[in-house]
Amino acid sequence: MSDLGFLHYFLGIAVRRDKSGLFLDQRNYAADILHRANMSHCKPCRTPVDTAAKLQADIGEPVADPTLYRSLAGALQYLTFTRPDIAYAVQQICLYMHDPREPHFTALKRILRYIKGTISQGLHITPSKTTTLTAYTDADWGGCPNTRRSTSGFCVYLGDNLISWSSKRQPTVSRSSAEAEYRGVANVVAETIWVRNLLLEIHCPIQTATIVYCDNVSAVYLSTNPIQHQRTKHVELDIHFVREKLALGQVRVLHVPRLSNTPTSSQRDFPPPSSMSSRPVSTLEIHTL
């Protein structure tokens, strides 16, 4: 076995080192996606998704080449490895790969136009003075216009570095906003437990409880209230799962004001976990080298 030196490129992800840490980006891969879509010279767009209207399953004409749509959507999924800012937008277009329509293709092209203008952006990993796990979660109750399922998103920080994020439609319909938010809390708690176990296996255990921020007061109260109510019976498994981790001291669920919450499923500005009152930074710690 030979030492090949520092990592520079791996599976389409470029790794650049400087005094402040590592910078991960996929600009070459993104350029290839634009070339495959014949949009290498397209006009850039400032945002990856139109928040004024939501996609629907049966609106619009079927696309002429559904294979191209599926190929580009799948390629964009891999791009989210270093671009959490497009996680929600990509998740939305992937919901309709079975029967893509023209509005769906228009939404996909908007993502490509956004990538065109932000092709040099990526993920910045820097040395951190703390090794605490901090997570943020949010959900849009009944956001899907066809199924009325909610979309939940989360992001997880190790110290000051973003290490995990997700935007995913929930598998069942929630009967209240508290239920939708609590399912999001359960998802991010499961993710942080996995991260804690991984760090334990590599002999870097986390000594403090993971802080989970949620902007729904009812979901926060459900995590600590030992009394089981009839109206919470349908989310009983999630409730017991989170309460068990709270009892073990591995997790704490706290409330955070809505404007300060940092879900992957939206495009808000937010403060980093190490300084909740410091200056706002761009969505999900995306940097330009």
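## Overall picture

The chain has 289 residues, and 47% of them count as buried. Its secondary structure comes to 7 helices and 10 strands.

## Confidence

The model is predicted, and the average pLDDT over the chain is 82. A score of at least 70 is reached by 84% of the residues. Residues 265-289 have a pLDDT below 50. Even there, the model shows 76 contacts beyond near neighbours in sequence.

## Helix 1 against helix 2

Two packed helices are described by the angle between their axes and the distance between the axes. Helix 1 spans residues 27-36 and helix 2 spans residues 66-79. Their axes come within 11 Å and cross at roughly 170°. Angles over 145 degrees count as roughly antiparallel, so helix 1 is roughly antiparallel to helix 2.

Helix 1 makes this contact through Tyr29, Ala30, Ile33 and Arg36. Helix 2 answers with Leu68, Ser71, Leu72, Ala75, Leu76, Tyr78 and Leu79. By class, the contact has 9 nonpolar residues, 1 polar residue and 1 charged residue.

## Nonpolar cores

In soluble globular proteins, nonpolar side chains tend to be buried together. Here the largest nonpolar core has 30 residues. Those with the most contacts inside it are Ile33, Leu76, Leu79, Ile93, Leu108, Leu112 and Ile115. Helix 1, helix 2, helix 3 (87-94) and helix 4 (102-117) each supply at least two residues of this core. Helix 4 gives the most, with 7 residues.

Leaving out residues up to four places away in sequence, Leu79 touches Gln26, Tyr29, Ala30, Ile33, Ile86 and Ile115. There is also a second, separate core of 22 residues. Its members include Ile206, Val212, Cys214 and Val220.

## A loop residue: Thr172

Thr172 sits in the loop between strand 7 (161-169) and helix 5 (177-201). Its relative accessible area is 36%. Buried means under 20% and exposed means over 50%, so Thr172 is partly exposed.

Thr172 touches Arg149 and Arg183, not counting residues up to four places away in sequence. Thr172 and Arg183 are 11 residues apart in sequence. In space, their C-alpha atoms are 9.9 Å apart.

Notes:
Residues numbered from 1 in each chain as written. Predicted model: local features only at pLDDT ≥ 70, side-chain atom pairs only at ≥ 80, totals over all residues. Heavy atoms only, no water. Axes fitted to C-alpha atoms, helices over the stretch in contact; angles between N-to-C directions. Helix = DSSP H or I, 4+ residues; strand = E, 2+ residues; numbered from the N terminus. Parallel < 35°, antiparallel > 145°, perpendicular 65-115°, else oblique. Contact = heavy atoms within 4.5 Å. Nonpolar A, V, L, I, M, F, W, Y, C, P; charged D, E, K, R; others polar. Core = buried A, V, L, I, M, F, W, Y, C linked by side-chain atoms within 4.5 Å. Buried < 20%, exposed > 50% of the residue type's maximum accessible area, 1.4 Å probe, protein only. pLDDT = per-residue confidence, 0-100.
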